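I opened a new notebook page for this structure.

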Amino acid sequence: MTNCLVCKNKIKPFISFGKQPIANGFLTSQEFQKEYFYNLAVGFCPICTMVQLTELVDREKMFHTNYAFFSSTSRGMAKHFEEFAQFIKNKYLKNKHDPFVIEMGSNDGIMLRHFAKEEINHLGIEPSKNVARVAMSNDINTTTKFFDEELAKEILSQYGQADAFLGANVMCHIPYIHSVIAGIKLLLKPKGVLVFEDPYVGDIVQKTSYDQIYDEHAFYFSVRSINNLMKMHKLEVIDVAPQNTHGGSMRYTIGHIDTHKISPKVKKQLKIESALGLHRPKTYASLAKKINNSREGLITLLKNLKKQGKRVVAYGATSKSTTITNYCKITPDLIEFISDTTPIKQGKYSPGTHIPVKAYEKFQNNHPDYALLFAWNHAKEIMEKERQKNGYKGKWIVYIPKVKIIKSV
Ligand code: SAH
Ligand code: TMP
Ligand code: ZN
């Protein structure tokens, strides 16, 4: 039993994935001996409905100067963040005198660049120094500290309050969430908004997309759990918008309480959540069973292909795939290598099960019989590119929402 990070009540884990390494911890063979492992387990709080990890990893072990995730590796995500920036400009910055935008977890500047190029006042907060450096080299104003209430006070005295505080795939990474929300509350102008998006627990439940569960994701949000959290800080959810990114995400818009009109979409989404049973422990017990079945299906398929002598290569050395490979025990005898376009990952090995990560050219120059799609959230972008431009004729293996083989046509 552990205590809820939001409301401090007792929570019980509903699934354990056993010992897991750092999801983005791609490593050299010299580093195998000292690789770090922790227990990956998820619990549900029956009081405030927050789904969360029950054991946490120190932030410095995950976010540092060799952080392997560069946001700008996907074209689809670049387009998504251009649209996100446009949405903020149209809805919240228009006609404002000298607006100010803050982004937490701004990474390589994939979103803030669209504010910087129009000379809109902005500040990125990005503690992983290697990715922050890319943003800074593109003239994006960035601090490399971790955001929390203390940093919020520093920012407040240096820059003043913001019209919009943004975050994508970062709020769910921060277990000291009360400090973060208290800091954001200080930084928001009276009519200012917090707009953030993260993988949505409703999609995880509906698609059995359990690979969203790893060390960096301390929380799995719903509209209900977010609203409960925000109300503790005299803030409230004023709008929501489902997103296709990262296999299904939710964008939340938050404002000071009793200040904004609340969109009818909030109530509608809460109804959908009740129908999905996101407030019930039973839903998560059933998810745990589906996760177990999914693992059985994937292992059986990969072992059968090996028996038949087929070549299987994985596509995309994602952080998500670390949970899949370690939980399903997918080792280099089942997968020849993982193809990835990120230079910092190439020549290294996948965390825990140590499958070699190779440059995309190795895939392109010697197509396998099957490609196991670890980057399934970019399926459309990848499959279209491979089929139309690069002549891939092999098959694809996917496992979300179900384990299946897809023909390349
Ligand atoms: N927003 C980008 C990056 C998401 S990855 C995108 O959606 O693609 C999460 C990022 O949050 C990492 O770059 C990590 O270094 C950063 N991060 C982690 N903890 C943080 C904190 N306390 N404050 C600000 N950024 C943080
Ligand atoms: P993500 O799912 O966390 O966004 O990570 C995607 C990973 O997949 C990242 O390491 C880059 C890699 N990738 C490719 O190798 N080829 C591609 O075409 C795309 C879109 C991603
Ligand atoms: Zn709780």
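**Zinc site**

I looked up Cys4 and found 3% relative accessibility, so Cys4 counts as buried, the cut-off for buried being under 20%. I note here that the model is predicted, and every value in these entries is computed from it.

Which residues coordinate the zinc ion (ligand 3)? I found Cys4, Cys7, Cys45 and Cys48, each through its SG atom, at 2.3 Å. I then checked the angles among the four donor atoms, and they run from 100 to 117 degrees. The site of the zinc ion (ligand 3) is tetrahedral, because four donors count as such if all angles lie between 85 and 135 degrees. Along the chain, I wrote the spacing of these donors as C-x2-C-x37-C-x2-C.

**Ligand 1**

I listed the residues around ligand 1 and got 21. Those that come nearest are Ser71, Gly105, Glu126, Ser128 and Asn169.

Next I looked for polar side-chain atoms by the ligand. Glu126 has one at 2.6 Å from an oxygen atom of ligand 1. Asn169 also places a polar side-chain atom by an oxygen atom of ligand 1, at 2.8 Å.

How much of ligand 1 does the protein bury? Taken alone, ligand 1 exposes 570 Å², and the protein buries 98% of that. I sorted the shell around ligand 1 by class and recorded 13 nonpolar, six polar and two charged residues.

**Ligand 2**

I repeated the search for ligand 2 and found 18 residues around it. Here Lys320, Asp340, Lys345, His378 and Lys385 come nearest.

Three of these names came up again when I looked at polar side-chain atoms. Lys385 has one 2.4 Å from an oxygen atom of ligand 2. For Lys320, the distance from a polar side-chain atom to an oxygen atom of ligand 2 is 2.8 Å. I noted 2.8 Å for His378 too, again from a polar side-chain atom to an oxygen atom of ligand 2.

On its own, ligand 2 has 490 Å² of accessible area, and the protein covers 97% of it.

Which helix gives the largest share of the shell around ligand 2? I found helix α13 (residues 379–389), with three residues. By class, I recorded the shell around ligand 2 as five nonpolar, eight polar and five charged residues.

Methods: Residues numbered from 1 in each chain as written. Chains lettered and ligands numbered in written order. Predicted model: local features only at pLDDT ≥ 70, side-chain atom pairs only at ≥ 80, totals over all residues. Heavy atoms only, no water. Near = heavy atom within 4 Å. Polar contact = N/O pair within 3.5 Å; in protein donor to acceptor, adjacent residues only side chain to side chain. Areas by Shrake-Rupley, 256 points an atom, 1.4 Å probe, with all protein chains shown as cover. Nonpolar A, V, L, I, M, F, W, Y, C, P; charged D, E, K, R; others polar. Donors = N, O, S within 2.8 Å, 3.2 Å for Na, K, Ca; no water. Tetrahedral: all angles 85-135°; square planar, octahedral: opposite > 155°, others 65-115°. Buried < 20%, exposed > 50% of the residue type's maximum accessible area, 1.4 Å probe, protein only. Helix = DSSP H or I, 4+ residues; strand = E, 2+ residues; numbered from the N terminus.
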